[in-house]
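User: I have a model open and want to go through some local features with you. Can we take them one at a time?

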Amino acid sequence: MFEDLCFPVLVAPMAGGPTTPELVAAVVEAGGSGFLAAGYLKAGALDDRIERTRALTNGRFGVNLFVPGAESTEDLSGYVRRIEAEAERYGTEPGHPHWDDDDYRAKLDLVASQRLPFVSFTFDLPSPHDVARLHEAGSKVIVTVTNPVEAVQAAVAGADALCVQGFEAGAHRGLFADDPRDPAGGATFGLLALLRLVSAEVDLPLIAAGGLVHGADIAAVLTAGAVAAQLGTAFLRADEAGTQPVHRQALADAGRATEFTRAFSGRPARGLVNRFLTENSGFAPAAYPQIHHLTRPVRAAASTAGDPEAMNLWAGQTYPLATSGPAAGIIARLREQARAAAGQVKF
Ligand SMILES: Cc1cc2nc3c(=O)[nH]c(=O)nc-3n(C[C@H](O)[C@H](O)[C@H](O)COP(=O)(O)O)c2cc1C
């Protein structure tokens, strides 16, 4: 699937700003590949981004979609009151905590018509009908999994490859069902353990994701049988990324721990610990995307005020080692490190 790449590194889809056509195109031009993030975008905006990326590179890239889940039945009233207080603090109003499908059907129609080489899904399985449609359009279907049970389900659903997401990963866990009683969001497997367990269950190409920040990490997961490595946090400080300045600065300062939280979106995600996360994580219901919509104005106001304490500062565990600079430079460094690491192994 990625045999044609000079270096099997994929820039992860990073919805909410960090992914730009410039970032994806720069990684493709440097010998890797990657995904535009469709999450939170309307189909028209996604169409624009596909076109802009194609204008910047003739190489292959994919699109990533959030699969909508069922509407949560959790009682949101207590959390709404907490966010009202947060909104007052930042001089704004809370958002309306509504469910929506993130324009999923329209975006699926679009990606099928665009005949992209690969389309990846997170948060659940695409339906068999949608998998068949994408296959007809010539697209390979990739499903994000966080445990061996999900991997088997994805294989049965017709996935061509799996993105295996270890618990080190930044931002949302791709888990299919969010158990409200579990603060971390399901059994949490480290990446190497998960690669091994998944490859014992299914015979599909595996893309490794979670905490990969050095070329030696990429050599390690390729040695462990992955066909490619997917890196998100390693590119958050790239020049071409759309990461907000406050987020960039918090990453560069490297002074915070990371933790899972539902406080910002209603789905477990790994981010830098800040005041909002500390004060609200224990109260946040498992209700995505309602909580995402509810907290949005507070996050936006904090960002405008340059205040990192109420923003979702997504980051993987190894974020202190991520570097700034052009994406091509990051790829060149990773490649050199991967070669050196692979050459050092003697048994
Ligand atoms: C800021 C940010 C946004 C992300 N958004 C998405 C997304 O839209 N879709 C998706 O499948 N994964 C998303 N991810 C998760 C990545 O696909 C990947 O699992 C993760 O970045 C790997 O861990 P790392 O960040 O330590 O490299 C995001 C990650 C980050 C850091």
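User: Where is alanine 327 found?
Analyst: This is a predicted model, and in it alanine 327 is found in helix H12, residues 327–344.

User: Is alanine 327 buried or exposed?
Analyst: Alanine 327 has a relative accessible area of 0%, so it counts as buried. In sequence, alanine 327 and arginine 237 are 90 residues apart, while their C-alpha atoms are 9.0 Å apart in space.

User: What about glutamate 88, buried or exposed?
Analyst: Glutamate 88 counts as exposed because its relative accessibility is 67%. Helix H3, residues 77–89, holds glutamate 88.

User: Switching to aromatics. How many aromatic pairs are there?
Analyst: The count is seven aromatic pairs. One of them joins phenylalanine 123 and tyrosine 288: the ring centres are 5.4 Å apart and the planes are at 75 degrees, so the pair is edge-to-face. The cut-off for that class is over 60 degrees.

User: Which parts of the chain does that pair tie together?
Analyst: Phenylalanine 123 is in the loop between strand E4 (118–122) and helix H5 (128–136), and tyrosine 288 is in the loop between helix H10 (275–280) and helix H11 (290–304), so the pair ties together parts that are 165 residues apart in sequence. Phenylalanine 123 and tyrosine 288 are both buried.

User: Which residues make up the cluster linked by ring pairs?
Analyst: Tyr40, Phe66, Phe123 and Tyr288 are linked into a cluster by ring pairs.

User: Which charged end sits over the ring of phenylalanine 123?
Analyst: That of arginine 267, at 4.0 Å from the centre of the phenylalanine 123 ring. Arginine 270 lies over the face of phenylalanine 260, and there the distance to the ring centre is 4.4 Å.

User: Back to tyrosine 288. What is the peptide bond from there to proline 289?
Analyst: The bond from tyrosine 288 to proline 289 is cis, with omega near 5 degrees. Proline 289 is in the loop between H10 and H11. As background, most peptide bonds are trans, and most residues other than glycine have a negative phi.

User: OK, phi then. What is phi of alanine 171?
Analyst: Near 70 degrees, which is a positive value in a residue other than glycine. Alanine 171 is in strand E7. Alanine 254 also has a positive phi, near 50 degrees.

User: Where is alanine 254?
Analyst: In the loop between helix H9 (245–253) and E10. Its relative accessible area is 34%, so alanine 254 is partly exposed.

User: You mentioned E7. In what order do the strands of its sheet come?
Analyst: The order is E7-E11-E10, three strands in an open sheet with antiparallel pairing. Strand E7 (171–172) and strand E10 (258–261) are the edge strands, each pairing on one side only. Between E7 and strand E11 (residues 269–272) there are two bridges, in the antiparallel sense. Histidine 172 has alanine 269 in E11 as its bridge partner.

User: And E6, how many of its residues are buried?
Analyst: Five of the five residues of strand E6 (residues 161–165) are buried. Ala161, Cys163 and Gln165 point one way from E6, and Leu162 and Val164 point the other way.

User: How do strand E5 and E6 pair?
Analyst: Strand E5 (residues 140–145) and E6 pair in the parallel sense, over four bridges. In E6, valine 164 is the bridge partner of valine 145.

User: Where is serine 33, and what does its side chain reach?
Analyst: Serine 33 is in strand E2, residues 33–37. Its side chain reaches the backbone oxygen of arginine 60 at 2.6 Å. Serine 33 is buried, with a relative accessible area of 0%.

User: Last topic, the ligand. Which residues come nearest?
Analyst: Pro13, Asn64, Gly211, Gly232 and Thr233 come nearest, of the 21 residues around the ligand. A side-chain N or O atom of glutamine 230 is 3.0 Å from an oxygen atom of the ligand. A backbone N or O atom of alanine 15 lies 3.2 Å from a ligand oxygen atom, and a polar backbone atom of glycine 170 is 3.3 Å from a ligand oxygen atom.

User: How much of the ligand does the protein bury?
Analyst: The protein buries 96% of the 590 Å² that the ligand exposes when taken alone.

Notes. Residues numbered from 1 in each chain as written. Predicted model: local features only at pLDDT ≥ 70, side-chain atom pairs only at ≥ 80, totals over all residues. Heavy atoms only, no water. Phe/Tyr/Trp six-rings, centres within 6.5 Å; stacked < 30°, edge-to-face > 60°. Buried < 20%, exposed > 50% of the residue type's maximum accessible area, 1.4 Å probe, protein only. Lys NZ or Arg CZ within 6 Å of the ring centre and 35° of its normal. Pairing = 2+ DSSP bridges. Near = heavy atom within 4 Å. Polar contact = N/O pair within 3.5 Å; in protein donor to acceptor, adjacent residues only side chain to side chain. Areas by Shrake-Rupley, 256 points an atom, 1.4 Å probe, with all protein chains shown as cover.
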